[in-house]
Amino acid sequence: MTQRTTYVGLVNESMIGQTLTLKGWVQKRRDLGKLIFVDLRDREGICQIVFDSEILKDQMSDVDQIRTEYIIEVTGELRYRSEDAVNLNHPTGKMELVAKEFEILTRSKVPAIYIEDDLDASEEVRLKYRYLDLRRPKMFKNLKLRHQVVQSIRNFLNDAGFIDVETPFLTKSTPEGARDYLVPTRREAGEFYALPQSPQLFKQLLMAAGFDRYYQIVRCFRDEDLRGDRQPEFTQVDLETSFLTQAEIQQLAEAMIKQVMREVMNLEFDQPFPTISYAEAMARYGVDKPDIRFELELRDVTEWAEGCEFGVFKNTVTSGGVVQGINLKGLADEYSRKTADALADVVKPYGAKGLAWVKLTDEGLNGPIAKFFDEKDLAVFQEKLALEEGDIVFFVADQLEVTQAALGALRNHLGKVHQLYDEDEFAFIWVVDWPLLEYDEESERYVAMHHPFTSPQNKDIEALKANPKEALANAYDIVLNGYELGGGSVRINDKALQDEMFSLLGFTPEQAQSQFGFLLDAMEYGFPPHGGIALGLDRFIMLLAKEPNIREVIAFPKTGRGYDVMMEAPNHVAQDQLDELHLTVKKD
């Protein structure tokens, strides 16, 4: 083989007249008799190759064998195409390489999928033949974007004095999180390692060890129900620092994100990211990860509803619930009674019993519940909901949590359906002042809103036992376009306070020592104030690439049900392996 001169897609006009050697895959061939044209492809793009029978007299029989996805090596002279043959859809579209020598390096069967971006193959087929799918230009672009983001992050953190430290993958299963993936060991019958859901405890111990600034771009594992933005194994950018305040950690993370956006996306963010409290996010947007690219905020009309004539609203308020609405401005004509009623399917999964609506036309209020309202009620709608002619308002009446969740989901649905935001905009926002704890009715105990190691705000430490539900956390999430990009907190570094937190979460002292004794012991040896943040790398790349799910930005992902169709995993193992691990498989 001859040494390659350059990538196929990097051929440019400065090379005109030069002899080049190119290597790559055959995208397509066109036979015009004495001339055969081949589009040669590699990871950087395409270049047209001309095989002329006058030049390759002794090799044309070999050229005739070339088929799609064959790998070939071609040496020839680069020249301009004729004017009528220029293809400006490709950066190399003004040029072509006239072959003087060539060799078939590897032959190929007819590929199971077309190697092109406009692909109609099912996701199952794409993942089964992922090595073919990854040849498509879009997939290379996505993974190159991922590489560039990681490089930018590493450069930022290295320059900021952080040290990259690897933490174990085989560790201990601990409660207070998603389900662990367990790993049996032949050495200890009936005992298991767990794959880490995050390096949380190890990075806190690194602070106890004096490392001060740690980072890791790390694989994590959670056995949870999957969605488009989740995988059973995922990558996060994990940071921990000592002696920084919450504000300083946020500033550091924000500066890192801004560097990525500047270096990789060529976008400047001159202003600080806006900040909103958890309570305000829920009140205005109905979700704790608001998409602030569009308005359409929730409006509360509970006080009015208590005295209105519509029984559903009035009875909800009497029973301790709320009535809230969102005003879809100027789009009333888009909805018939049938299409407006159909939106009830959007809110039902969140516990809402129904969806009420009215629209304002030139004839007044219109809709199934309009008959219950008069001019006085219309005036309230105009004041509280900014209702104008051409608007349609959707109401949910239920308990506060259900109402917010339902309208928050409806808001996001309407934003997407009606394209209320700019697809090219990236809108970051910090969500702060999170509740420290939430009460789980099923288990009849408090659970940590983030994790058990998050510190309460100073003002709430004294009243923690007396009023735990009202305590706020030193916690912060960064949100991008309605997705949680990452979250972090200032951690507890005082053993007495950590003991109190475990007690509030229902741990006995013995249980806390059994599960987290190594952390509690470390707190007795000079544990510094510390905190950190973790960003979901896969989700970040998904949003930057404007892809619908994270499988499009991971080289070898699992399906939506967590199955690897290429490797056929998970799968059965041999009985002798099970015996060695002291395991018996229960038959259904």
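A word on the source. What you see is a predicted model. Please keep that in mind throughout.

Start with the whole chain. There are 588 residues, and 48% of them count as buried. The secondary structure comes to 18 helices and 22 strands. Along the principal axes, the C-alpha atoms fill a box of roughly 90 × 75 × 55 Å. Now the contacts. Residues 24 or more positions apart account for 67% of them.

Next, helix H12. That is residues 375–384. Which residues of H12 are buried? Four of them: Asp377, Leu378, Val380 and Phe381. Those four sit on the same side of H12, because they cover an arc of only 155° around the axis. An α-helix has 3.6 residues a turn, so residues three or four places apart point the same way. Turn to the other side of H12. Here Glu375, Lys376 and Glu383 are exposed.

What covers the buried residues of H12? The cover includes one helix, H8, at 302–305. It also includes three strands: S14 at 356–361, S15 at 364–366 and S16 at 392–398.

Now look at the ends of H12. The N-terminal end is capped by Asp374. One of the side-chain oxygens of Asp374 lies 3.0 Å from the backbone nitrogen of Lys376. Just after H12 comes Ala386, with a positive phi of about 55°. Most residues other than glycine have a negative phi. Ala386 sits in the loop between H12 and S16. Is Ala386 buried, partly exposed or exposed? Partly exposed, at a relative accessible area of 40%.

There is another positive phi to show you. Gln419 has phi near 50°, and Gln419 is not a glycine either. Its place is the loop between helix H13, 400–417, and strand S17, 428–432. Gln419 counts as exposed, because its relative accessibility is 64% and the cut-off for exposed is over 50%.

On to helix pairs. Two packed helices are described by the angle between their axes and the distance between the axes. We have two pairs.

Pair one is H4 with H6. H4 covers residues 137–159, and H6 covers residues 246–265. Their axes are 9 Å apart, and the packing angle is about 135°. H4 and H6 are therefore oblique to each other. The crossing is right-handed. Which residues make the contact? From H4: Leu145, Gln148, Val149, Ser152, Ile153, Asn155, Phe156 and Leu157. From H6: Leu252, Ala255, Met256, Gln259, Val260, Glu263, Val264 and Met265.

Pair two is H5 with H16. H5 is residues 200–208, and H16 is residues 509–522. The axes come within 10 Å and cross at roughly 20°. That angle makes H5 roughly parallel to H16. This crossing is left-handed. On the H5 side, the contact residues are Leu201, Gln204 and Leu205. They meet Phe516, Phe518, Leu519 and Ala522 of H16.

Now some single residues. First up, Gln498, in helix H15, residues 495–504. Is Gln498 buried or exposed? Buried, with a relative accessible area of 0%. What does Gln498 touch, leaving out residues up to four places away in sequence? Pro452, Phe453, Ile492, Leu520 and Met523.

Then Pro168. Pro168 is in the loop between strand S6, 163–164, and strand S7, 182–184. Its relative accessibility is 35%, which counts as partly exposed. Leaving out residues up to four places away in sequence, Pro168 touches Pro196 and Phe202. Here is one distance to note. Pro168 and Ala189 are 21 residues apart along the chain, and their C-alpha atoms are separated by 21 Å.

Last stop, a peptide bond. In general, most peptide bonds are trans. The bond joining Ala569 and Pro570 is cis, with omega at about 5°. Where is Pro570? In the loop between helix H17, 537–545, and helix H18, 575–580.

To recap H12: Asp377, Leu378, Val380 and Phe381 are buried, Asp374 caps the N-terminal end, and Ala386 follows with its positive phi.

Definitions and conventions
Residues numbered from 1 in each chain as written. Predicted model: local features only at pLDDT ≥ 70, side-chain atom pairs only at ≥ 80, totals over all residues. Heavy atoms only, no water. Buried < 20%, exposed > 50% of the residue type's maximum accessible area, 1.4 Å probe, protein only. Arc of directions from axis to C-beta. Contact = heavy atoms within 4.5 Å. Polar contact = N/O pair within 3.5 Å; in protein donor to acceptor, adjacent residues only side chain to side chain. Axes fitted to C-alpha atoms, helices over the stretch in contact; angles between N-to-C directions. Parallel < 35°, antiparallel > 145°, perpendicular 65-115°, else oblique. Left-handed = near helix turned anticlockwise from the far one by under 90°.
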